[in-house]
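Thanks for making time this morning; please bring the structure up on your screens, and we can go through a few of its features together.

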Amino acid sequence: MKKENPLSKEIFIEKLILHATTSDADKLERYRKLLEYLTNRKPAITKAKRRIEAFKIRKGLPIGYKVTLRKKEAVEMLKVLLAGVKHELKKRQIGNGYINFGIKEYISLPNFEYRRDIGILGFDVSVVLAKKGKRVEYRKRCRSKIGKNQKVTKEETIKFMQEKFDVKIV
């Protein structure tokens with residue numbers, strides 16, 4: 001008789017990424033201020049990976065900012081962000097171990113006031129879920145693949161969000 005490993009069932013938030021991107025240089029500075037205001041952290045710059053002539057973007061051009069939060073900070077920020085979307089997510093926003101949604105205006109979030117120097121802006125949110133033992137895939141020494149039982153499925157992602165954060169799936 002095969003025993004179940006209790007660690008392989010426990011799902012947690014690996015990271016939460018706030019990301020904002022634009023081709024406009026003035027708006028780019030406002031996005032930096034916005035992400036700094038929301039997280040009290042210095043955002044990392046994201047650069048274009050390829051040339052897009054229609055938007056006048058070339059490879060290596062700064063086009064956005066992102067902030068990655070982990071552990072308790074990620075959980076606390078996710079609660080605030082879900083309040084901004086009224087604890088509702090669409091089924092297409094959820095995948096195998098990840099959730100992606102957008103915030104149209106940061107002033108819809110509780111505890112955040114309108115700031116004139118930022119204006120009205122929105123941003124994207126990505127949440128990555130994992131089970132214990134995921135480090136095996138990323139570590140430098142003795143890297144290995146993880147089994148399918150160790151990967152988070154779409155159904156497990158939905159169940160986790162409903163239980164931990166009272167999210168309604170529309």
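Ile107 counts as partly exposed, because its relative accessibility is 33%, and please keep in mind throughout that we are looking at a predicted model.

Asn111 counts as exposed, since its relative accessibility is 72%. As background, most residues other than glycine have a negative phi. Asn40 has a positive phi as well, near 60°, and is placed in the loop between α1 (25–39) and β2 (44–47); with a relative accessible area of 72%, Asn40 is exposed.

Now to the sheet: in what order do the five strands come? The order is β2-β3-β1-β6-β5, in an open sheet with antiparallel pairing. At the edges stand β2 and β5, each of which has a single partner strand, so that one side of each lacks a neighbour in the sheet. From one strand to the next, the twist averages 25°. Between the antiparallel strands β5 and β6 there are six bridges, and Ile103 stands opposite Phe123 in β6.

Two helices remain to be mentioned. Helix α1 packs on the sheet and touches β1 (11–21), β3 (62–69) and β6, its direction making about 5° with that of β3, whereas α4 (residues 154–165) packs on the sheet through β1, β5 and β6, with its direction at about 90° to that of β1.

Conventions:
Residues are numbered from 1 along each chain as its sequence is written. This is a predicted model: local features need pLDDT of at least 70, side-chain atom pairs count only at pLDDT 80 or more; totals for chains, interfaces and linings use all residues. Side-chain values use heavy atoms; hydrogens and water are left out. Helices (H or I, at least four residues) and strands (E, at least two) are DSSP runs, numbered from the N terminus. Buried means under 20% relative accessible area, exposed over 50%, partly exposed in between (1.4 Å probe, protein chains only). Two strands pair if DSSP finds at least two bridges between them. Axes are lines fitted to C-alpha atoms, for helices over the stretch in contact, and angles run from 0 to 180 degrees between N-to-C directions. Contact means heavy atoms within 4.5 Å.
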